[in-house]
Amino acid sequence: MAFVPQVKIPATYIRGGTSKGVFFRRQDLPAAAQQPGEARDNILLRVIGSPDPYGQQIDGMGGATSSTSKTVILDKSSEPGHDVDYLFGQVAIDKAFVDWSGNCGNLTAAVGAFAISNGLVDAERIPDNGVCTVRIWQKNIGKTIIAHVPMTNGEVQETGDFELDGVTFPAAEVVIEFMDPADGEGSMFPTGNLVDDLEVPGIGTLKATMINAGIPTIFLNASDIGYTGTELQKDINSDAAALGSFETIRAHGALKMGLISDISEAAARQHTPKVAFVAPATAYVSSSGKQISADDIDVCVRALSMGKLHHAMMGTASVAIATAAAVPGTLVNLAAGGVERDSVTFGHPSGTLRVGAAAEQQANGDWSATKAVMSRSARVLMEGFVRIPGDSF
C-alpha cells in the first residue's frame with residue numbers, strides 16, 4: 001500500500017510575550033494555502049497537531065494550551081504606510097477549527113522581529129544599531145500596530161535584561177503601540193453602556209462591562225461570581241462546572257455585544273470575546289511563588305482564553321484592561337479605585353503588568369481609545385521547516 005510522503009514548509013517557532021507560535025511567510029505556504037480557505041486551515045491544524053481528542057497535541061507543534069496553539073502568517077504589506085501584514089490564527093486543541101476572529105497581542109511582539117529578519121521590511125528603514133520602527137497592519141481586525149524592535153550590528157537584538165512575568169528568562173524589550181485599538185466598527189462599548197446587566201440563564205443577572213478594545217472582552221466583578229480575583233490556573237481549570245459557566249456567560253455576552261446573532265454561533269467563535277473578572281488590589285502569591293503586594297498593583301484581573309484560565313494575561317486583553325481602566329465608571333476602573341488614569345498595573349496569575357492607555361469621550365457621549373502601549377519581549381526558538389503529511393490538505 002502506497003503512502004504519500006511528508007511535505008516540508010519553511011517556518012519559524014517563536015516565543016512572543018507569554019505565548020508561542022509557528023510563523024510563516026505567506027509566500028512559503030503551499031499555493032493552496034496562500035489564500036483563506038479549507039486548505040489553509042487544514043495545514044495549520046496539522047502543523048499544530050489538532051484536533052487532538054487527548055488534548056495534548058503530541059503529533060504537532062502545539063503545547064496543549066491556548067497560549068501555545070497559535071499560528072501567524074506574514075506578508076509584505078499591501079496597506080499604504082505599513083511594512084508587514086499580520087494575520088493570526090488561533091488553533092483549537094480538540095476541534096478541527098481555526099479561529100480568525102481576533103488578534104494575538106503577545107505574538108505581536110515577535111511580528112516586527114520576524115519581518116525584519118525575513119525581508120518584509122525595506123532595508124533602508126532598518127538601522128544597524130538603535131531601534132527599528134515596524135509598522136504592522138493587523139489583518140484580523142484592520143488595525144495599525146507599531147513595534148519598536150532593538151537592533152545591534154544590523155541584526156535584531158533578542159537578548160537583554162527585560163523581565164516579563166510569565167516568562168522564565170529575561171530578553172530584549174520590545175515596545176508595542178496599539179493605535180486606535182477599538183476592535184471593530186461602532187462604539188467602543190457596543191451596548192452603549194459602561195456597565196450592563198447581563199442576563200445569563202441558569203446563572204443570573206451579572207454586572208458586566210463589555211468593551212471592544214484590543215479584543216472584545218466581557219469584564220465581571222470577581223465577587224459576583226464567587227471569586228476573589230487572586231485565583232491561579234489550578235483553582236479554575238480543574239473545575240468543569242466553573243468552566244461551563246464561564247462559557248455560558250461568554251456566549252450570552254457575545255450575543256449582547258452583537259458579535260453573534262444566535263447563541264449557537266458562539267461555539268464557532270472561541271477566540272472572541274474573552275471573559276475576565278476583576279477585584280480591588282489584593283495581595284497574593286503568583287504561580288511562580290512570587291509574593292505580589294496590594295501596593296504593587298492597581299487591580300487584580302483574571303481572564304479566560306479558549307475556555308481555560310490564562311496562565312498570565314493575553315496581550316490583547318491587556319489592552320482591553322488598560323482602556324477600560326481609563327474610562328471612569330467601568331467595572332475595571334471602579335475596581336482600580338475609580339480615579340482617572342492613563343495607565344494601570346494589574347495583577348495576573350503569573351505576576352504583574354503595566355499598560356498605558358488613553359481614552360477620550362466624544363461630543364456625542366461615545367468613548368474612543370487613541371492608543372495603548374505595553375512592553376513585551378520575543379525570541380526565536382527554532383527555525384527551518386515544519387513537516388506534515390502530503391495528504392493533510
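Here is a walk through this structure, from the whole chain down to single residues.

This is a predicted model, in which local features need pLDDT of at least 70, side-chain atom pairs count only at pLDDT 80 or more, and totals for chains, interfaces and linings use all residues. Residues are numbered from 1 along each chain as its sequence is written, and side-chain values use heavy atoms, with hydrogens and water left out.

Let's start with the overall build. The chain has six helices and 21 strands; helices (H or I, at least four residues) and strands (E, at least two) are DSSP runs, numbered from the N terminus. Its radius of gyration, taken over C-alpha atoms, is 20 Å, close to the 21 Å that the globule rule gives for 393 residues, so the chain is as compact as a globular protein of that length. That rule is 2.2 Å times the number of residues to the power 0.38. Along the principal axes, the C-alpha atoms fill a box of roughly 60 × 55 × 45 Å. Of the 393 residues, 54% count as buried, meaning under 20% relative accessible area, where exposed is over 50% and partly exposed lies in between (1.4 Å probe, protein chains only). Among contacts (heavy atoms within 4.5 Å) with a separation of 6 or more, 63% join residues 24 or more positions apart.

Next, the domains, whose bounds come from an automatic or database domain assignment. Domain 1 covers 6-180 + 378-389, and domain 2 covers 196-365. Their centres, taken over C-alpha atoms, are separated by 25 Å. The contact takes 21 residues from domain 1 and 23 residues from domain 2.

Now look inside. In soluble globular proteins, nonpolar side chains tend to be buried together. A nonpolar core here is a set of buried Ala, Val, Leu, Ile, Met, Phe, Trp, Tyr and Cys residues joined through side-chain atoms within 4.5 Å. The largest such core has 67 residues, and those touching the most other members are Phe 23, Leu 74, Tyr 86, Met 188, Phe 219, Val 301 and Phe 346. Helix H2 (residues 105-117) gives this core its largest share, eight residues. At least three residues come from each of domain 1 and domain 2. A second, separate core of 30 residues includes Met 210, Ala 279, Tyr 284 and Ile 292.

After H1 comes Gly 49, with a positive phi near 100°.

Finally, two single residues are worth a visit. Thr 209, in strand E11 (residues 204-213), counts as buried because its relative accessibility is 0%. Its side chain reaches the backbone nitrogen of Leu 331 at 3.0 Å. Leaving aside neighbours within four places in sequence, the contacts of Thr 209 include Phe 189, Ile 218, Phe 219 and Thr 330. Lys 308, in strand E17 (residues 308-309), is partly exposed because its relative accessible area is 42%. Not counting residues up to four places away in sequence, Lys 308 touches Asn 237, Leu 243 and Ala 303.

Methods: A polar contact is a pair of N or O atoms within 3.5 Å; within protein, one must be able to donate a hydrogen and the other to accept it, and residues adjacent in sequence count only if both atoms are side-chain atoms.
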